[in-house]
Amino acid sequence: MPPHTADPQRHGDPHAPGFESVHEAPRPDTLLATRDLVIDIPERASGAPLDLTINPGQCWGILGPNGAGKSTLLHTLAGLRAARAGEIHVQGRPLPEYSRTRLARELGLVFQKHHDGFPATVLETALIGRHPYLRPWDIETAEDYAQARTALAWMDLTELEHRLVDTLSGGERQRLAIATVLTQNPRLLLLDEPTSQLDLHHQVAVLDHIRGIARDDRAAILVLHDVNLAVRYCDHLLLMFPDGKACWGPTRTMLVPSALERLYNQPLGVGEIDGYPVFMPRPD
Amino acid sequence: MTRSFLLATGVLLPASLLAILIALAYGSVAIPAGDLLAVIQGEGSRLHSTLVLELRLPRALAAFAAGGLLGVAGALMQVLLRNPLADPYVLGLSGGASVGALLAMLAGLSMFSVSVAAFAGALLSTVIVFGLAHGTGSWTPTRLLLTGVVVAAGWGAVISFLLAVSPTAELPGMLYWLMGDVSHARNPYPAWGVLVLVVLLALPLGRTLNVLARGPMQAAALGVAVRPVEWTIYIAAALITATAVMQVGAVGFVGLIVPHMLRLIFGNDQRVILPASALGGGILLTLADTLARTMIAPEQLPVGVITAMLGVPVFLFLLYRSR
C-alpha cells in the first residue's frame, strides 16, 4: 500500500475546487452501489445524496461527528430502514429484490449495541451467524460449529466458549459480535464502531483481521471515531458532516486537515508516523 | 443442541408419564400401584375402573394438555417480548377469557358456549393489550407488561361487577372458573391436538426464535423476516392461551414458572425450551391438579390457587433479579 500523505495543494476550504468526492462508476463486480441515496433521519433536512461504489478488496471508513447519520447509513445499506430517496444495488441487483435470508449471506452488520434477550453461551451466540445458511429443519452441522470456533479463535475468544454472554466485559462482548458476523461470512461487512470498547491491542488485531478479509472478493465498511486508525486501515473514506454534506473518495484525497477540523469542529495538529499523517486534537 | 434436546425429552417424557400415573392413583380415594396396574391392563374392580378411566384419566389428560399449552404460550411470549416476565395471565389474557366465560354463564349458556366465550375473551384481550402496547414503534417490553397489568386490572373490575350482579346460586361455579378449575374439562382431545400441532410447528421455528430473541434489528440482519415471524408468534400464542383457558379457566403462572425453570436446566435454545415447556407445563398442571383434588379431599381446591402460590414468588424473584 502506498503511504497516504496529505496533499498540501488540497488544504483549505473543503468546498473549494480540488476537494470533491471521487465518483467511481459501478463495475460488474461491484459489491454495493448507491445512487442518489438520501438517508432518512427523522425531523432532519435531507443531506447530500450519496453515490458510493464499494468494490471487492476495499475497506471504507465512515468518519463524522455524533449524530451525523453514520449508523443510520449503515442500517439503510443493510436494508434495515428505508431511505428517503435513491437506490441501493447489491451486486448489481436492487436491494428490495433480495429476500432477507439471501441478503444476510451477502451483507453482515455489527451493531453498536448488543441485545441478549436470554443468556446464551459465547459459542451459541457465534453460531447464530450460520442462521442464513440453514433451512428450518436443519440442525447446525460439525462444519457450522467449526466455522463458529474459527471465528471465536480469530477474535481471541476460544477460552470463553462456554461462558454466558451476560458475564462478558464490554470489549469481549464486542469481539463476540464481530466473531458472529465472521461466522456469518458475508461478502460485505458493515461494522458500526467495531473498536469502540476494545483495548489498543485488540483494536489493532480486529482491524488487521478485517483488513485481511477485505482483500480479494470481499469488502468492509467501518464506522470509526479514530481518524488515525481510519487512515491506517481504510483505503477509502466517507466524511459525513454535521450539516448533512458528505465527501468521499480514496483516503489520500480526503485527508485535508481543514476539512477534518470542520468535520469534528475541532482544531487538529498534523504529524507523520511511518509515512502516514497523524492527526492530534489541539486544545483551543 | 441435539444433546440437550435428547436430555430434555429423556427426562421429561418419563416424568410426564409418571405425573399422569400419580394423577390416576391419587384423589379422594388412593389406589395402590398394583390395583392401578390391574385397571390399566383392563382388569381390576369395577369401582376402580370407573374412577380411573372415566373420571381421573380425562381430567389428568385435560390438565396435562392445558398445562402444556400454557407453558408453550409463556415461552413464546417471552421470546416475542424478550422478557422472562411475560405470561398469558400477567398480560391480562386470562382476565379477558374470564369475563367472556362469566358473561356466558350469566346468560345461562351451555358449558360449551362458556368455553367459546372464554376463547373469544382471550383473543379480544390479546388484541387490546398487544395493539395498545404496540403504538407506533415496536413492542417495548416495559410498555407491554404495564399495558397487560393495567388491562388485567380492568378485567378484574368487570369480573367483580359481574359477580356482584350474579345470582347467588351461580357464584360458586363462577368463582371456581375464575381461579382455574380442571373439573369442567370433559374432552381433552382437541387441546391435545392443538398441543401436538404447536410443538411440531415450534420445532422448525425454534432457531428463528433464537435469533429473534436478540432483538428485531439483529434478527433482520441475520436473515429473519421479523414482522411475519412476530405476527405468527403473536397469533399462535393468543390461540394457544385461549385453547388452554377454554379448558381449565384462568390458571395463572404456568407459562411463567415452567420456561424459567427449564431455562435454568437446559439452557436457552428455543428448539429445546419450546417442546420442554409443553411437557413441563403438562407435568406441573397435572401434579397441581392432583394436589388440588387431594389436599382437602373430599373437597377440591381450584388448581389456580396452587399455581398462583407457586408462581407469585417466582415472578417476584425474577422481577427482583432483573434490576
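How many of the five residues of strand S8 (residues 219-223) of chain A are buried? Five of the five are, so S8(A) is largely enclosed by the rest of the structure. Here a residue counts as buried if 20 or more other C-beta atoms lie within 10 Å of its own, as exposed if 12 or fewer do, and as partly exposed in between, with C-beta atoms placed from the backbone. Strands (E, at least two residues) and helices (H or I, at least four) are DSSP runs, numbered from the N terminus. The model is a predicted one, in which local features need pLDDT of at least 70 and side-chain atom pairs count only at pLDDT 80 or more, while totals for chains, interfaces and linings use all residues. Residues are numbered from 1 along each chain as its sequence is written, with chains lettered from A and ligands numbered from 1 in the order in which they are written.

Back to S8(A): Ala219(A), Ile221(A) and Val223(A) cover one side, Ala220(A) and Leu222(A) the other, and all are buried. Its pairing comes next; two strands pair if DSSP finds at least two bridges between them. With strand S3 (residues 59-63) of chain A, S8(A) pairs in the parallel sense over four bridges, and Trp60(A) stands opposite Ile221(A). Strand S7 (residues 188-192) of chain A also pairs with S8(A) in the parallel sense, over five bridges, and there Leu188(A) has Ala219(A) as its bridge partner.

Chain A also holds an open sheet of four strands, in the order S2-S1-S4-S5, with antiparallel pairing. Its edge strands, S2 (53-54) and S5 (93-94), each pair on one side only. Strands S1 (residues 32-38) and S4 (residues 85-90) of chain A are joined by five bridges in the antiparallel sense, with Val38(A) opposite Ala85(A).

As for domains, whose bounds come from an automatic or database domain assignment, chain A is given domain 1 (8-91 + 187-281) and domain 2 (118-185). Nine residues of domain 1 and eight of domain 2 make up the contact between them, where two residues are in contact if their C-beta atoms, placed from the backbone, lie within 7 Å. On the domain 1 side, helix H6 (residues 200-213) of chain A gives the largest share, four residues.

What about the core? A nonpolar core is a set of buried Ala, Val, Leu, Ile, Met, Phe, Trp, Tyr and Cys residues joined through C-beta atoms within 7 Å. The largest one has 184 residues, and those with the most contacts inside it include Leu190(A) and Leu69(B). Helix H3 (residues 46-81) of chain B provides the largest share of this core, 18 residues. Neighbours within four places in sequence aside, Leu190(A) touches residues including Leu74(A), Leu107(A) and Ile221(A).

In chain B, helix H4 (residues 93-106) has 14 residues, and its end C-alpha atoms are 20 Å apart, which agrees with the 20 Å it should span at 1.5 Å a residue; the expected span is 1.5 Å times one less than the number of residues. Twelve of those 14 residues are buried, so H4(B) is largely enclosed by the rest of the structure. Among the buried ones are Leu93(B), Gly100(B) and Met105(B). After H4(B) comes Gly108(B), with a positive phi near 75°.
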